[in-house]
Amino acid sequence: MLVRLNKGDQIEILAPGSFVDKEDDLINGIAILKKWGLQINQNNSLQRRFSYFSGDDLTRFEELQKAQKSKLIIFAKGGWGSARLLEKEPSWGNGLMLGFSDTCSLLISKYSQGYFGSIHGPMVTSLSKEPEWSLKRLRNLLFEGYVDD
């Protein structure tokens, strides 16, 4: 059975690849998550820049590993640097992980190692651009464990 979120749960926002360059999109996405009753653990990867990435590979990998205890990891943004984290073979947890684009490499890696909870869906910086029906379906999946057809 998939993990289900509850109001008050603390979740992780990670930037495993590219640095966050559109702060307004990040702030608007975080507002939606808070409106859903979630507590946000924002690590410093959201303000960090290392060339094209949100930090060096080792730092981003360590943040991904530390976040595995969370019920939900939602990626702030994609980027090629996400796949570079797989060079170190992450140990996955049982929580949910949400993203798309280049973060799919992480979603697929988790799934291929026998862990459920990889969700191809919006990232924090794209949440506020989603139509209402899409946000409703995502919230229902995260909190109720299913999506109506």
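## Strands and pairing

Two strands pair if DSSP finds at least two bridges between them. The model described here is predicted. In this model, Gln10 has Gln39 of strand 2 as its bridge partner. Strand 1 covers residues 10-14 and is joined to strand 2 by four bridges, with the two strands running parallel.

## Aromatic pair Trp36 and Phe143

A pair of aromatic rings is described by the distance of the centres and the angle of the planes. There are three aromatic pairs in the structure. One of them joins Trp36 and Phe143: the ring centres are 6.5 Å apart and the planes stand at 90 degrees, so this pair is edge-to-face. Planes over 60 degrees apart count as edge-to-face. The pair links distant parts of the chain, 107 residues apart. Trp36 is in the loop between helix 1 and strand 2, while Phe143 is in helix 6, residues 132-144.

Are these two residues buried or exposed? Trp36 has a relative accessibility of 8% and therefore counts as buried. Phe143 is also buried, because its relative accessible area is 9%. The cut-off for buried is under 20%. A charged residue is placed at this pair too: Arg139 lies over the face of Phe143, 4.4 Å from the ring centre.

## Aromatic pair Phe53 and Trp80

Phe53 and Trp80 form a tilted aromatic pair, with 5.9 Å from centre to centre and 40 degrees between the planes. This pair also links distant parts of the chain, here 27 residues apart. Phe53 belongs to the loop between strand 2 and helix 2 (57-66), and Trp80 to the loop between strand 3 and helix 3 (81-84).

Phe53 counts as buried because its relative accessibility is 9%. Trp80, at 55% relative accessibility, counts as exposed. Which residue lies over the face of Phe53? Arg60 does, at 4.9 Å from the ring centre.

Key. Residues are numbered from 1 along each chain as its sequence is written. This is a predicted model: local features need pLDDT of at least 70, side-chain atom pairs count only at pLDDT 80 or more; totals for chains, interfaces and linings use all residues. Side-chain values use heavy atoms; hydrogens and water are left out. Rings of Phe, Tyr and Trp (its six-membered ring) pair if their centres lie within 6.5 Å; planes under 30 degrees apart count as stacked, over 60 as edge-to-face and the rest as tilted. Buried means under 20% relative accessible area, exposed over 50%, partly exposed in between (1.4 Å probe, protein chains only). A charge sits over a ring if NZ of Lys or CZ of Arg is within 6 Å of the ring centre and within 35 degrees of the ring normal.
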